[in-house]
Amino acid sequence: MADLATATEEDMSQLFLPPAARYTIGVLDRALFAKTINLAAVSIADKKKIAHWRQSLHRDKTLLAAERVSCVIAHPDQTLASQGTRCLLLDPKVRPKAPDTWTPLIRDGIEKQELGIIPYDLSLDYNFWTYEEVMRCLLPLEPRDENDGIPAGFNQAGHVAHLNLREQFFPYKKLIAEVLIDKNPSVRTVINKVANVGTESEFRTFAYELLAGDENLNVEARENECVFQFDYAKVYWNSKLEGEHRRLVHLFKPGEVVCDLMAGIGPFAVPAGKRGVFVWANDYNPESYRSLDLNIQRNKVTQYVRAFNEDGRTFVRKAADLVYAASTSGEHAVAKEKRSSKHRQQKNGEKTAQASNLEQQRIPIPPTISHFVMNLPATAITFLSHYRGLYARHEQLFEPYTTTKLPMVHVHCFAAKAEGEAPMLDICDRITTELGAPIKLGDPEKPGEAAVLEVRAVAPNKRMFCASFRIPTEVAFASRE
């Protein structure tokens, strides 16, 4: 129990931290986190003045201001509480039996019998404390330093939390998972990655161990106004890329064609389809393909999104040919019917609906692809050589014969953390080597230039980037070998 009678300012800052506790191997004793804090409270004589006194005490800086603690409470006397009497908790510096700690506002309220000051025991337990607060009590200092801190970050797919713990936290992994489930109501299962993505599988899946909860990894995730279903053990999904998915999707214009070479379960393709963008979505992983096809149907974008299960290297030029064939054969989407009901007034004042005018808008598939998305950071750049001859003998489809520009490529990749533009310049050099045409850092709308955007940090010394550039004419129109 925290005694405030001799508390200093430094003591005050510790009041709302959990009590010191240490983890006993195999057991998480939640009862050790019970704590009682002795406070003062003022009872309000007139129930209608609770809001008035709350504002006044707040301005007086004597109202309790603690995160996750309501300053308005029922009176501790059950009889008075049943009559609707409420109290306001006061700052810990105010003590009920020490008038010298009362401010003039409180004294005046007591003298006028508008307030009554009483002691109040605020009881807190394990449920009150946050994940980080609990873990700081349980984990010894040795495994953590200023760089590591408390292992708090995780990917979440539906009800599954995916950790990537460092070795120093391995002895405490079960504890971390148990507290993580306690403090995140949407999490029912916690797994820990035991190998790098791609180490065990070319499909970007990973070996994992179950730390807590059940082993059902069939999940449903919601992102960018779409719903995705998949088996997390068999496909790739990263919730930390939601912003990147949204960024690229909003670059695509309705009626354009996008080729998503490494589509996964559809985080780019499905939201783009919802926006009226045609997408040729491909993934080499059969499980990803099955989930992709399911998600296309579930999100009702079958008119716009087509799923394929092929090697991305060969699919680059195949997609261009398929899109051209679909366009020349007149394939199209039909926009949703928009019903506009008209009403006419009858003599008796009632309204009756007249027949609605229904219009269907045909949206043709254009003959060319506007964007390529390549979200396979570990190896995507090595696929760029397969763009050579993408539109061989189809120069008439593009500028200067039409207003259509050559496709924009968005290729994701990794690079080491470095100062300034060094990582971006390195990426441009790698693109140049694989593409067989010079690409330098600059404006992606200018020939031979690329914009390189840092997407996220994946490790202390490793960053993920997205490079965007238009396919050079000497690459697009080269003869196919």
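## An aromatic cluster

Phe228, Phe230, Tyr232 and Trp237 together make up one aromatic cluster. The model described here is a predicted one. Across the whole structure, a search finds 10 aromatic pairs. In one of them, the ring centres of Phe228 and Trp237 lie 5.4 Å apart and their planes meet at 45°, so this pair is classed as tilted. Another pair joins Phe230 and Tyr232: it is edge-to-face, with 6.3 Å from centre to centre and 65° between the planes.

Phe230 counts as buried at 4%, and Tyr232 is buried with a relative accessible area of 2%.

## Charges over rings

The charged end of Lys173 sits over the ring of Phe170, at 5.9 Å from the ring centre. The charged end of Lys462 sits over the ring of Phe414, and here the distance to the centre is 4.2 Å.

## The two sides of helix α2

Helix α2 spans residues 50–59. Its buried residues include Ile50, Trp53, Ser56 and Leu57. These residues cover an arc of only 130° around the axis, which means that they lie on the same side of α2. An α-helix has 3.6 residues a turn, so residues three or four places apart point the same way.

The buried residues of α2 are covered by elements that include β1, β3 (86–89), α4 (104–111) and β4 (115–124). On the face turned away from the buried side, α2 carries the exposed residues His58 and Arg59. After the helix comes Lys61, whose phi is positive, near 60°.

Ala45 belongs to the loop between β1 (35–44) and α2 (50–59). Its relative accessibility is 57%, and because exposed means over 50%, Ala45 counts as exposed.

Leaving aside residues up to four places away in sequence, Ala45 touches Gln113 and Glu114. Ala45 and Cys87 are 42 residues apart in sequence, while their C-alpha atoms are 9.4 Å apart in space.

Definitions and conventions. Residues are numbered from 1 along each chain as its sequence is written. This is a predicted model: local features need pLDDT of at least 70, side-chain atom pairs count only at pLDDT 80 or more; totals for chains, interfaces and linings use all residues. Side-chain values use heavy atoms; hydrogens and water are left out. Helices (H or I, at least four residues) and strands (E, at least two) are DSSP runs, numbered from the N terminus. Buried means under 20% relative accessible area, exposed over 50%, partly exposed in between (1.4 Å probe, protein chains only). Contact means heavy atoms within 4.5 Å. Rings of Phe, Tyr and Trp (its six-membered ring) pair if their centres lie within 6.5 Å; planes under 30 degrees apart count as stacked, over 60 as edge-to-face and the rest as tilted. A charge sits over a ring if NZ of Lys or CZ of Arg is within 6 Å of the ring centre and within 35 degrees of the ring normal. The arc is that of the directions from the helix axis to the C-beta atoms.
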